[in-house]
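This report describes one residue and then the chain around it. Please look at the structure below before reading on.

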Amino acid sequence: IVKSVFETSPIRQVASSQTIGTDQLDIMADEDEAGASWGSEQGSVSESDTPELGKRSIFVHDLNAMPKATQRILDDSNIDIESWLAEKIASKFSRTENTAFVSGTGVGQPRGFLTYDAGTSAGQIEQISSTSGTGGTLDQDDFIKLLYGLKTPYQANAAFLMARGTEQVARLLVDGNDQYIWQPGLQAGKPNTILGKPAVQADDMPAVATDSLSVACGDFAQGYQIVDRA
């Protein structure tokens, strides 16, 4: 069988996954801050702000397929039709999931990280404009701005996500010392890197264009939770 080749995004490799036995995962959210103030040895201490816990819920969604084959095809085919169908469905499920993890609406399907409101508050994801403004291009300064837009605790395990065409653009960029910012992973198991951080091809990401969200950077294991129902 000659197979068509489809591109996808390895989101499960970089995000966090958890299997549950119910229809939703409830996560306690510690997003508040405790109060504190300086005081003297004999001065009075007043009541300070007490942090509060919130809750976030992630719902599971059904992904279905119901192919049909006649008994004659199953009996007479010179290939294993059942295994072929199972492989095709598994591949389609994986690609459909990955697309939703990137750009899903959250209505009857997972919510993709590109669909959150722009900002730095809880429930938002920061968006950083290209240095070129509306020119629809990328330069090395854009990657530096994106990386250092992350808070320090997320820097160590940060990775860049982008489509294959966008990584091609990144691979041609050089810094002020005429050094390429993209570096190949020359050892087995070592990823290609941009500014020292893994560069992951995710072909569900938008192509480089004016106002496109073409590159994502973050610690995805902490930033994006995938939930599977057993």
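## Thr-193

Thr-193 lies in strand E6, which covers residues 193-194. Strands are DSSP runs of E with at least two residues, helices are runs of H or I with at least four, and both are numbered from the N terminus. The model is predicted: local features need pLDDT of at least 70 and side-chain atom pairs count only at pLDDT 80 or more, while totals for chains, interfaces and linings use all residues. Residues are numbered from 1 along each chain as its sequence is written, and side-chain values use heavy atoms, with hydrogens and water left out.

Thr-193 counts as buried because its relative accessibility is 18%; buried means under 20% relative accessible area, exposed over 50% and partly exposed in between, with a 1.4 Å probe and protein chains only. Beyond its neighbours within four places in sequence, Thr-193 contacts Ile-181, Trp-182, Gln-183, Pro-198 and Ala-199, where contact means heavy atoms within 4.5 Å.

## Fold and extent

The protein chain has six helices and nine strands. Its radius of gyration is 23 Å, well over the 17 Å that the globule rule gives for 230 residues, so the chain is more spread out than a compact globule. The radius is taken over C-alpha atoms, and the rule is 2.2 Å times the number of residues to the power 0.38. Along the principal axes, the C-alpha atoms fill a box of roughly 90 × 55 × 35 Å.

## Burial and contacts

Of the 230 residues in the protein chain, 24% are buried. Among contacts between residues at least 6 apart in sequence, 66% join residues at least 24 apart.
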